Each structure stands twice: as C-alpha cells, then as structure tokens.
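Hi,

Here is the structure I promised to send over. Have a look at it first, and then read on for what turned up.

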Amino acid sequence: MPSASSHAADRRTGFDRALLGGKAVLLVAAATLVLAFPRMAPDAFILSVGVVIASYAALAVGWNFVGGFTGYISLGHAAYSGLGGYATALLIIDGGLNPWVALGVGALGVALVAVPIGVASLRVRGASFVIVSIAMVLILLLVSQSWSEVTGGSSGLRVPRPFGEDVLRPEQHERFFYLHVALVVVALLVWWAIDRSRFGMGLKAIREDEDKAQSLGVPTFRYKLVVFVISAFFTALAGGLYALWFGYLDPIFQFSILIGSYMVLMSLLGGIRSLLGPVVGAVIVGYALEYFKNQYGDTQFHLVALGLLLGVVVLFMPDGVLPAIGSLVNRFRPTAASIREESAAELLERSEETRQAEEVHR
Amino acid sequence: MSGPLLLQSIILGLLLGGLYALLAAGLTLYFGVMRVVMIAHSAFLILAAYLAWYFHRETGIDPLFSLVITVPLFFVTGVAMQRLLLSRLRPATLTMMSVLLTFAIALTIEGMLGYVFSGTQRRIQLGYSGSNFEVFGANIAAVKLIAFGLAALALLGLYLVMKKTRFGQALRATIQHPEAARLLGINTDRIAGYGFGIGLATAAIGGTALSLDSTIYPSLHWHWIGPLMAIIVIGGLGSIPGAAIAAMVLGVSQSLLQVPMGTTWAQTVFYLALFATLMIRPQGFFGGRLAQRF
C-alpha cells in the first residue's frame with residue numbers, strides 16, 4: 001500500500017521536524033542562559049562557581065575525545081590538565097612569554113609529551129590502559145612534589161595574572177567564564193567534526209570491536225594515537241586556562257586522581273556517545289560537587305557522596321542521561337523504523353535475550 | 001654503599017616485597033577470575049589496617065588477633081561484592097566499568113574512614129614495636145619480620161589451596177578458560193565469587209601486617225595501588241607467580257634505590273619498570289595470551 005507508507009513517512013518527518021525545532025529552542029535557551037549567567041549571578045562567589053563548572057565542562061569535553069570515540073576509559077587525564085597548568089605557569093615565569101602565548105605553547109608541548117605516552121599505553125587494551133593512565137598521574141605527583149627547584153614542590157607555585165591588577169575580582173571571573181565557555185565551544189566543534197568524518201567512523205568501530213575494526217582495514221593504532229593526542233591537547237588547554245584564572249598551583253590538587261575521576265563521572269553521567277553529554281554531566285556533577293563541599297567541607301563526606309554517585313551511574317545508567325532521554329523521546333515516534341546506531345553491548349544483550357527466549361520456547 | 005647498609009637494604013626490600021607479593025597476588029586473582037581491575041583492593045587494605053588499630057585500641061589485645069574477625073568478614077564481603085555488584089555489569093564493557101565501580105568503592109571507603117576515624121595519622125604502639133635485632137651488622141625491626149612472616153604464610157596457604165585442592169583446580173580452570181570450565185560442570189559464577197572472597201581476604205591479612213609497623217591515614221591507599229597495579233602488569237595480568245616474582249624484584253630495587261635517591265624518587269622505579277614492560281613485552285613477563293587481550 002504505497003499511500004499508507006507515504007503517509008507514515010509524512011508523519012515521521014512531521015515528528016522529526018517538531019523534534020528538531022524543540023532541540024533548537026532548547027539549545028538557544030541554554031546558550032542564552034550560559035551567556036547571560038555572569039550578569040545574573042548575585043555575587044562573586046556564585047560567579048566563581050560558574051567558572052569552576054565551565055572549567056569542568058572543558059576538561060570533560062577534552063576527556064571525551066578518547067573516552068567517547070574509542071571507549072578507552074582514562075582515569076589519569078589529570079596528568080594532562082596538570083601538565084598544561086604547570087607548562088603555562090613555567091613558560092610565563094621562567095620563559096617570560098605572554099600568558100596567552102604560553103597557554104598555547106604549553107598545550108602544544110603537552111600534546112608532544114602525550115605522543116610517547118600514547119605509544120606506550122595504547123599498545124594494551126582495557127585494564128592495562130587504565131593502569132598506565134593512573135600510573136602517569138602518580139608519577140607526575142611524585143615528580144612535581146620532589147622537584148621543588150622548578151615546580152615549587154609542596155609549597156606550590158604562584159601563577160602571574162594575565163589581566164592587570166586594576167581588573168577587579170568579579171571582572172576577572174566574568175572574563176574567565178567567557179574564555180572557558182569559548183574553549184568548550186571550540187572543543188565541541190572539533191568533536192562534532194570528527195564525529196561526522198571517516199576518521200570518527202573508524203574510531204567508533206574501534207570502540208565497538210577493535211579486532212573487527214582492524215580486520216576491516218582501520219589503522220587502529222594510528223587512529224587511537226591521533227585522538228589521544230588531540231584529547232591531551234584540549235585537556236591541557238583547559239588545565240592551563242584554569243591555572244591562569246586560579247593563579248596558584250599545588251601538586252596535590254593538580255595531579256590528583258580525583259580530578260581524573262571527575263572527568264570520567266561527568267562524561268559518563270551525561271553520555272559519552274553524545275556531543276553535549278560531557279557538558280550536561282559537568283553542570284550536574286560540578287554543581288553537586290560544589291554543593292557537597294559547601295555542606296560537608298570539613299569532613300571527608302564529599303568523597304562518599306562522589307563514590308556513591310559514580311557507583312550508581314556505572315550500575316544503573318552506564319549510557320548516560322542524554323541517551324536515556326533520547327530513547328524516551330523515541331518512544332513517541334510514530335514508526336521507529338529508521339536504522340539506529342547500536343552498541344556491541346546492546347547487540348550482545350539482545351542476542352542473549354532472544355537466545356534465552358528461544359530456549360524457553362523449546 | 002657500605003656492606004652492612006647494602007645487606008640491610010636488601011633484607012628490608014625482601015621483607016617489603018613479601019607484603020607486595022601477597023597483595024599483588026590478590027589483585028591478580030581478581031583479574032584472573034573475572035577480568036576485573038580491582039582499584040579498591042588497597043582501600044580494603046587500609047580498612048583492614050584501621051580495623052586492626054581500632055581492635056587494638058578498644059580491647060588492648062594484640063592486633064594480630066583481629067585477623068580472626070577481618071579475614072572471614074572480608075571473604076564474605078568479597079563474595080557479596082562479586083555476586084551483587086560486579087556480576088551486574090554488561091560483559092562487553094566489564095573491564096572498563098569494573099574499574100570505575102571499584103574506584104567508586106575505594107572513594108567511599110576512603111571517605112568513610114575519614115568521616116569515622118578522622119584524617120589523623122594513627123599508629124599502633126606495641127610492647128615489641130621498638131625491638132630489633134642484628135644480622136651481620138644489619139638492623140631488622142621485629143615487626144617487619146612478623147609482617148613478612150604473615151604475608152609468606154598467607155601466600156603459602158594460597159599456593160596450597162590453588163594447587164592441592166579440588167576447589168583450587170576449579171578456580172584455575174575458571175581462570176584459564178571459563179567456557180570450558182562450565183562445560184566440565186564447574187559452577188564458574190560461584191567459583192568466581194569465592195575467588196573474589198579469597199582476594200579480599202589477602203587484603204585483610206596484608207592490612208593487619210601493615211598496621212604493625214606503619215602509620216596509617218585514610219588516603220594512604222593511593223600510595224599502594226600504583227605500585228601494586230604496576231606489579232601485576234609487569235608480572236602478567238592473571239599470573240600469581242608472575243605477580244609474586246615481580247613484587248620481590250621491585251621491592252628489593254625500591255629498597256636499594258632509596259639509599260642514594262631518597263624515598264620519593266625511589267617509588268618511580270615501579271612506573272619506569274611498568275613503561276619499560278609495556279614497550280618490550282606488553283603482555284607482561286609471565287602472562288600468556290590472556291594478559292595481552294585485556
């Protein structure tokens with residue numbers, strides 16, 4: 001019946017158009033809210049919380065280049081944000097560079113350092129990769145604490161402010177808020193471009209089944225290495241920008257596994273497969289973290305809260321919030337007949353279910 | 001380096017290596033039975049040390065007796081963790097997600113320890129804490145020897161269970177080839193649960209040994225998990241003898257390097273060895289095909 005099917009197609013496009021319109025409205029509303037935030041913030045403290053959350057978003061998007069495309073979960077991305085911070089600071093203090101030049105040069109330097117690290121750690125999959133990523137942070141913590149002539153050791157390092165002393169505190173926060181947002185937008189654009197490219201297709205094939213991807217001719221090692229270096233670059237930029245804003249570096253906070261786990265939690269909560277997932281996750285987790293620190297600051301209770309939150313996300317929604325909402329919306333789609341992306345895990349689960357159903361049937 | 005000092009470094013390295021070996025054996029056992037990297041292993045280690053300290057403070061009895069409580073408790077916790085939490089994860093992403101789940105458990109334990117016992121550094125004072133004896137001019141503390149003895153006994157027990165009992169045979173079969181083990185009628189899910197329990201029991205023993213001669217605080221577990229994970233990768237993931245040998249070698253190296261380089265820099269030997277291993281032999285020195293694929 002050609003008329004019925006064309007009718008269904010019409011309805012589908014109508015639904016899709018409505019969905020697209022809804023998404024556009026949401027996006028414009030969110031963008032307006034973000035841009036207007038510094039004007040709406042009642043005081044400098046709330047504004048500084050906004051900068052922290054924007055910084056988390058930049059870190060999470062940087063992390064998601066590796067985590068989202070290849071499925072390699074790195075718990076040690078604090079290594080690159082910390083290195084970015086220290087590289088920027090040292091290039092200003094010892095190199096006498098302009099702060100913004102130092103930020104760029106520092107991030108490029110970190111990207112170069114990430115090449116040998118990537119070569120070593122991407123040779124192994126899963127477990128060993130995570131172990132190496134954690135080891136990197138622990139090494140850098142040891143080095144930055146011991147090598148006090150350069151890094152200032154445990155007493156920390158003061159980073160010169162890029163804006164003059166005449167720029168007041170709230171004004172500083174406002175400028176850095178917009179700078180962080182700009183960094184997030186640039187990183188998202190790069191992520192989006194990769195997502196739609198042949199390169200991105202190869203990376204996602206690696207995520208689903210690395211052996212099959214390799215046998216289909218995807219140069220897996222080179223692809224993984226390139227995206228790893230891109231990820232290190234953006235993470236280092238985020239770390240450097242944060243250092244310029246905060247003005248002080250302490251090894252314990254820079255090279256902390258906690259920072260790396262924040263990035264993972266944010267991306268996972270938002271959804272590592274979706275473009276905006278890490279940003280949504282950063283807003284939720286960043287707000288929760290600041291709230292917990294405010295409430296239970298003196299005790300170690302914020303660690304418990306973080307641990308429980310991570311556990312719940314891993315156990316009950318490993319795909320994240322955005323994909324969950326997406327599938328909810330899809331339920332209202334008149335005919336869900338289009339080809340949709342399916343992960344290897346879902347495929348396995350589905351085939352397992354049908355197998356069990358068949359056994360019951362027998 | 002003078003003769004007695006060299007000897008002392010080697011002996012201290014061997015004693016430390018024994019503790020590393022026991023803990024790394026537990027860590028590699030989890031990986032063997034379930035392909036899980038158990039980040040919370042060292043958090044449980046510190047938890048056991050705190051329980052030993054608390055036991056000693058409340059009762060005044062030697063902390064070694066806390067083992068009677070902590071070992072069964074940790075075994076049951078391990079079985080429950082495997083059956084209730086880890087087995088819920090999807091098989092396709094098990095390795096990655098288990099890292100995150102056990103990381104979450106480690107954070108929760110660290111936070112609870114800080115919340116309940118505060119971040120103050122704790123240390124057990126015993127009658128024999130200060131006593132030591134000389135071997136060819138080298139000074140060895142009695143508590144370090146006791147800790148080593150405890151670790152060595154536990155490792156020997158683990159070896160005997162793995163090699164001599166029917167349960168150990170089933171456990172090794174599950175590690176080698178889970179599907180084939182299932183075909184032979186082994187209930188691999190239950191065996192994996194018990195394997196997990198045994199792994200956690202090693203943390204209980206290690207923690208008690210640790211509490212005898214070191215100062216403990218909630219975030220101490222980060223100093224242990226790095227070296228332990230490096231050891232199991234170097235030894236080959238899933239290989240208990242590999243883990244034990246790598247632990248002894250690295251323990252002695254660390255102890256020897258401490259004299260010229262200082263404590264902090266000497267720790268980097270674990271990570272340098274880790275990177276060297278990945279460049280030369282990514283599957284580790286004793287692991288088979290298993291280690292390379294994960």
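In this predicted model, helix α1 (residues 3-34) of chain B packs against helix α5 (residues 142-164) of chain B at an angle of about 35°, and the two axes are 8 Å apart. The crossing of α1(B) past α5(B) is left-handed. On the α1(B) side, the residues that meet α5(B) are Leu15(B), Gly18(B), Leu19(B), Ala21(B), Leu22(B) and Ala25(B). Their partners in α5(B) include Lys144(B), Phe148(B), Ala151(B) and Leu155(B). By class, this contact has 13 nonpolar residues, one polar and one charged.

Helix α1(B) turns up again in the core. The largest nonpolar core has 205 residues, and the ones with the most contacts inside it are Ala135(A), Ala24(B), Leu100(B) and Ile231(B). Helix α1 of chain B gives the largest share of this core, 17 residues.

Leaving aside residues up to four places away in sequence, Leu100(B) touches Ile73(A), Val264(A), Leu310(A) and Val314(A).

That leads on to the interface. On the chain B side, 44 residues are in contact with 41 residues of chain A. The elements of chain B that give two or more residues to this side are α4 (94-117), α9 (221-235) and α11 (263-280). The largest share comes from α4(B), with 16 residues. By class, the chain B side has 30 nonpolar, ten polar and four charged residues.

Now to chain A, which has 16 helices and two strands. Of its 362 residues, 45% are buried. Taking contacts in chain A between residues at least 6 apart in sequence, 78% join residues at least 24 apart.

One residue there to look at is Leu268(A), in helix α12 (residues 257-270) of chain A. Is Leu268(A) buried or exposed? Leu268(A) counts as buried because it has 28 C-beta neighbours inside 10 Å, and the cut-off for buried is 20 or more. Not counting residues up to four places away in sequence, Leu268(A) touches Val313(A), Pro318(A) and Gly320(A). If you want a distance to check in your own tools, the C-alpha atoms of Leu268(A) and Ser256(A), twelve residues apart along the chain, are separated by 19 Å.

Best wishes

Technical notes:
Residues numbered from 1 in each chain as written. Chains lettered and ligands numbered in written order. Predicted model: local features only at pLDDT ≥ 70, side-chain atom pairs only at ≥ 80, totals over all residues. Contact = placed C-beta atoms within 7 Å. Helix = DSSP H or I, 4+ residues; strand = E, 2+ residues; numbered from the N terminus. Nonpolar A, V, L, I, M, F, W, Y, C, P; charged D, E, K, R; others polar. Buried ≥ 20, exposed ≤ 12 C-beta atoms within 10 Å, placed from the backbone. Core = buried A, V, L, I, M, F, W, Y, C linked by C-beta atoms within 7 Å. Axes fitted to C-alpha atoms, helices over the stretch in contact; angles between N-to-C directions. Left-handed = near helix turned anticlockwise from the far one by under 90°.
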